[in-house]
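Walk me through this protein model, please.

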Amino acid sequence: MAKSPETEHPQKAFGWAARDSSGVLSPFNFSRRENGDEDVTIKIHFCGICHSDLHAIKNEWGFAHYPMVPGHEIVGIVMKSGKNVEKFREGDRVGVGVMVGSCMSCDYCNQDLENYCPKMIFTYNSVYHDGTANYGGYSDMIVVDQHFVVRIPDAMPFDAGAPLLCAGVTVYSPMKYYGMTEPGKHLGIVGLGGLGHVAVKIAKAFGLKVTVISHSPGKETEAVDRLGADGFLVSSDPLKIKAAFGSMDYIIDTVSSVHALTPLLALLKPNGKLITLGLPDKPLELPIFPLVLGRKLVGGSDIGGMKETQEMLDFCAKHNITADVEVIPMDQVNVAMARLAKSDVRYRFVIDVANSLSK
Amino acid sequence: MVANQPEKEHPVPAFGLAARDPSGVLSPFNFSRRATGEKDVKFKVMYCGICHSDLHMVKNEWGTSTYPLVPGHEIVGEVTEVGSQVEKFKVGDRVGVGCMVGSCRSCDNCSNGVENYCPKMILTYAGTYHDGTITYGGYSDVMVCDEHFVVRVPDALPLDAAAPLLCAGITLYSPLRYYGLDKPGIHVGVVGLGGLGHVGVKFAKAMGAKVTVISTSPAKKQEAIERHGADSFLVSRDQEQMQAAMGTLDGIIDTVSAVHPIMPLIGLLKTHGKLVLVGAPEKPLELPVFPLLMGRKIVGGSCIGGMKETQEMLDFAAKHNITADIEVISADYVNTAMERLEKGDVKYRFVIDVAKTLQQG
C-alpha cells in the first residue's frame with residue numbers, strides 16, 4: 001500500500017497544499033527525504049508567489065497532481081549539508097528555483113542547460129528520481145541536490161530577492177540568448193506584472209532603451225517614474241501603437257493569456273525578435289506576412305540553467321535589482337491568489353514563511 | 001488627368017505580356033522602358049522564370065496589383081548598353097535581375113546589404129519607381145535596371161536553368177545562412193517540393209546538411225530522394241511517420257504558401273530548433289506556445305535576400321552545379337503554364353524562352 005505524504009520520508013515537513021482544481025490552499029502535513037550526500041536541507045524563509053503557481057493549482061495546464069504544494073521562488077538558510085557538498089555550509093543564504101533535478105548527463109545538462117533536459121524535474125507537481133512526489137516552497141523546509149541550489153548574494157535582501165529565482169532568470173536568460181543586451185537598442189516589454197517589472201530593471205541595467213506595453217493606462221507613472229522605463233504604450237490605443245510601428249529591436253512578451261501578436265510584430269523593426277515567455281492555455285494566432293516580409297521571428301524561452309541563474313543573481317546584486325514585493329503571511333495565501341488572478345499586486349506576493357507558517 | 005500611356009511613358013519601345021485584370025489572363029502588351037541612365041544597365045531578356053508569386057499577382061490575390069501588370073522577377077539576359085557610371089558590367093555580359101529594382105540606398109537595411117528589408121524597396125513589377133512610373137517585369141523583351149540591382153550570372157550556369165535562382169534560389173539560400181542552417185552535418189527539413197522546395201534541397205545538401213523533405217504527396221518521394229538528393233522523406237499527413245521523426249530536425253524551411261498547421265512541424269524540431277517560413281499564407285496560423293518555450297524554439301520568416309547575397313548565392317550555385325529543374329515554354333504557352341502551375345503540375349519551374357518566342361504581331 002502506498003505510503004502517505006506524512007510517512008513517505010523521514011523528515012517531517014509542513015506546508016500549504018491545494019487538494020483539487022479549486023486551487024484553494026490549506027495546511028498540509030508531509031515529509032522530506034533524508035539529507036543525502038549531495039543534498040542541502042534548507043529552512044525556508046520566504047517563497048514568492050509566481051503566476052505559474054496559480055495556473056498549476058487550478059490545473060489550468062491539465063497535468064496537476066494533488067495534493068500540490070506550490071512555490072518555486074524559495075529562499076532560506078542552510079541547516080544541513082551532505083558530505084559531498086562543498087559549495088554550501090550551515091548558515092548560508094541560498095535559493096531554489098523552478099527545478100530540483102535533471103539527468104545530469106545529456107548534452108543539455110553538460111552545457112549548463114538543465115532547463116532543457118528532457119528529464120528535467122520541476123520543484124513541485126513532479127516526481128523525483130526516487131519516484132516520490134515533489135513539494136514546493138510554500139512549506140517550512142526543503143531538501144535539494146546542491147547542483148540545483150544557488151547562493152543569494154549578501155547584498156541582496158531575502159524577501160525581495162526570492163522572485164528573481166523564477167521571474168528574474170525567466171527574463172534574464174532570453175535577453176542573453178537572443179542577443180538583447182546591446183546598449184542603446186530598443187526593447188519593448190509587454191505586460192507589467194511579476195515578470196515585466198523585473199524585465200524593465202534588468203533591461204535598463206543592460207543599457208537598453210525600454211518601452212512598456214500594457215493594457216492598463218494607470219501603470220504609466222509606475223513604469224516610467226518608478227521603474228525607469230523610457231516610454232509607455234497603451235495596447236488599446238491604436239494611434240500610439242501605430243506611431244511606434246517599426247521602432248523596436250526586440251520585444252519580451254510576458255502576457256500569459258491569449259492575446260494578439262499582430263500589433264506586437266508590427267512594433268518590431270525588420271529582423272526584430274519577439275520572445276514570448278507566458279504560457280497561455282490555447283494557441284496564439286501568428287500572422288505570417290510580417291514574419292516573412294520583415295525577417296522577424298517569434299521565439300520562446302523557459303527559465304534558465306543553474307549557472308545562468310547564479311549569474312543572474314550576481315548581476316542583480318551588482319545593479320541593486322530586486323523585485324517589488326508585497327510580503328504576506330501564509331494564512332493570506334488564498335486571498336493573494338484571488339488578487340493575483342485579477343493582477344492586483346505590485347508586483348509579486350512573497351510569503352513570509354519563517355514568520356507565519358505555523359501548524 | 002493625364003492618362004497613363006505605357007507606350008509613350010518612356011523613350012525605348014518595349015513589348016511584353018501583361019495581365020489586364022484579375023482574371024490573370026496574359027496578353028501582348030506594348031509599353032516602354034526609360035533611357036539608359038548613368039547607372040543603368042540595359043539588357044535583352046533571354047529567359048524569365050514563372051514564380052508562383054506571379055500567379056498570385058496577376059490575379060490580385062494579395063490586393064496590391066495594378067493593371068496592366070507585366071510579371072516576371074526571375075530574369076536573365078545579355079547586356080546591350082551600360083550607363084556612363086556603370087562599373088560592374090559591360091555589353092555582352094550575362095546578367096540577371098530578381099525581385100527588386102530599387103530601394104532607398106541610405107537606411108540601415110540598405111547599408112547592411114539587406115535592401116530586401118528596406119521599407120522603400122521597389123519591386124521589379126507592380127511597384128512604383130523613383131520617377132513615379134510603374135515597374136514592369138521580365139515577361140518582356142528588354143529590361144533597364146540600376147546596376148546595383150543587377151547580378152552577374154556565372155559562366156558555368158546555363159541561363160535558362162539559372163533564371164529561377166533569382167527568386168526561388170535566393171529565397172532558400174538566405175534563410176539557410178541567416179538562421180545558421182548551413183553547417184555541415186545538421187539535419188534540415190524542407191516542407192513542400194515545388195519551385196522553392198526543390199532548389200532548397202539542393203542548396204541544403206551542398207551546404208553539407210542531411211535533408212528530409214516533408215510533403216503531403218507520397219508520390220514525390222522517389223523524385224525527392226533519387227533526383228534531388230534528399231536523405232529522407234516524410235508524408236506530413238502520416239501521423240506515425242511524423243511522430244517517429246519528432247525532435248530530429250535542427251531546422252525546417254517551410255515553402256508552403258497555403259494555410260497549414262505548423263504545430264506538427266514545431267514538434268519535428270529538436271530543442272533550439274528553428275522553423276523558417278518563406279511562403280506566406282494569407283491567414284494567421286495557430287502557434288502553440290508550450291513547445292516553443294519548453295524547447296526554446298523559434299518561428300521566423302525570410303523574404304528573398306539582399307543584392308550582395310544574391311550574387312553570393314549564384315556563385316555558390318555555380319560552384320556546386322546547382323540549377324533549377326525547369327520546363328522551358330514558349331511565350332504563347334504562358335496562360336496554360338499558369339493554369340498548370342495553379343494545380344502544381346510542373347517539375348519544378350516554368351521558364352519562358354523570351355528571346356526566341358516573345359514577338360510582336
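Helix 4 of chain A is followed by Gly179(A), which has a positive phi, near 65 degrees. Helices here are DSSP runs of H or I with at least four residues, strands are runs of E with at least two, and both are numbered from the N terminus. This is a predicted model, in which local features need pLDDT of at least 70, side-chain atom pairs count only at pLDDT 80 or more, and totals for chains, interfaces and linings use all residues. Residues are numbered from 1 along each chain as its sequence is written, chains are lettered from A and ligands numbered from 1 in the order in which they are written, and side-chain values use heavy atoms, with hydrogens and water left out.

The confidence scores come next. The model has ipTM 0.93 and pTM 0.94. In chain B the average pLDDT is 96, and 99% of the residues score at least 70. pLDDT is the predictor's confidence in each residue, from 0 to 100.

Back to helix 4 of chain A, residues 167-177. Nine of its 11 residues are buried, so the helix is mostly covered. Buried means under 20% relative accessible area, exposed means over 50%, and partly exposed lies in between (1.4 Å probe, protein chains only). The buried residues include Ala167(A), Val171(A), Tyr172(A) and Met175(A). What covers them? Among the covering elements of chain A are strand 10 (186-190), helix 5 (194-205), strand 13 (248-253) and helix 10 (306-318). Contact here means heavy atoms within 4.5 Å.

**Rings and charges**

Helix 4 ends at residue 177, and Tyr177(A) takes part in an aromatic pair. Over all chains, a search of the whole structure finds 17 aromatic pairs. In one of them, the ring centres of Tyr177(A) and Tyr178(A) are 4.9 Å apart and the planes stand at 80 degrees, so this pair is edge-to-face. Rings of Phe, Tyr and Trp (its six-membered ring) pair if their centres lie within 6.5 Å; planes under 30 degrees apart count as stacked, over 60 as edge-to-face and the rest as tilted. Tyr178(A) is buried because its relative accessibility is 6%. Tyr177(A), at 37%, counts as partly exposed.

The charged end of Arg296(B) sits over the ring of Tyr177(A), 3.5 Å from its centre. Within chain A, the charged end of Arg93(A) sits over the ring of Phe158(A), 4.5 Å from its centre. The criterion has two parts: NZ of Lys or CZ of Arg must be within 6 Å of the ring centre and within 35 degrees of the ring normal.

Phe28(A), Phe30(A) and Tyr135(A) form one aromatic cluster. Pro67(A) touches two of these residues, Phe28(A) and Tyr135(A), as well as Ala17(A) and Ala18(A), not counting residues up to four places away in sequence. Pro67(A) lies in the loop between helix 1 (51-57) and strand 4 (74-81) of chain A. A cis peptide bond joins Tyr66(A) to Pro67(A), with omega about 0 degrees. Pro67(A) is partly exposed, at a relative accessible area of 27%.

Is Ser139(A) buried or exposed? Its relative accessibility is 0%, so Ser139(A) is buried. Ser139(A) sits in the loop between strand 7 (121-122) and strand 8 (141-145) of chain A. Its side chain makes a polar contact of 3.0 Å with the side chain of Arg32(A). A polar contact is a pair of N or O atoms within 3.5 Å; within protein, one must be able to donate a hydrogen and the other to accept it, and residues adjacent in sequence count only if both atoms are side-chain atoms.

Phe14(A) belongs to strand 1 (residues 11-18) of chain A. Phe14(A) is buried, at 5% relative accessibility.

**Backbone exceptions**

Most residues other than glycine have a negative phi, and most peptide bonds are trans. Met104(A) has a positive phi of about 65 degrees although it is not a glycine. Another cis peptide bond joins Arg346(A) and Tyr347(A), with omega about -10 degrees.
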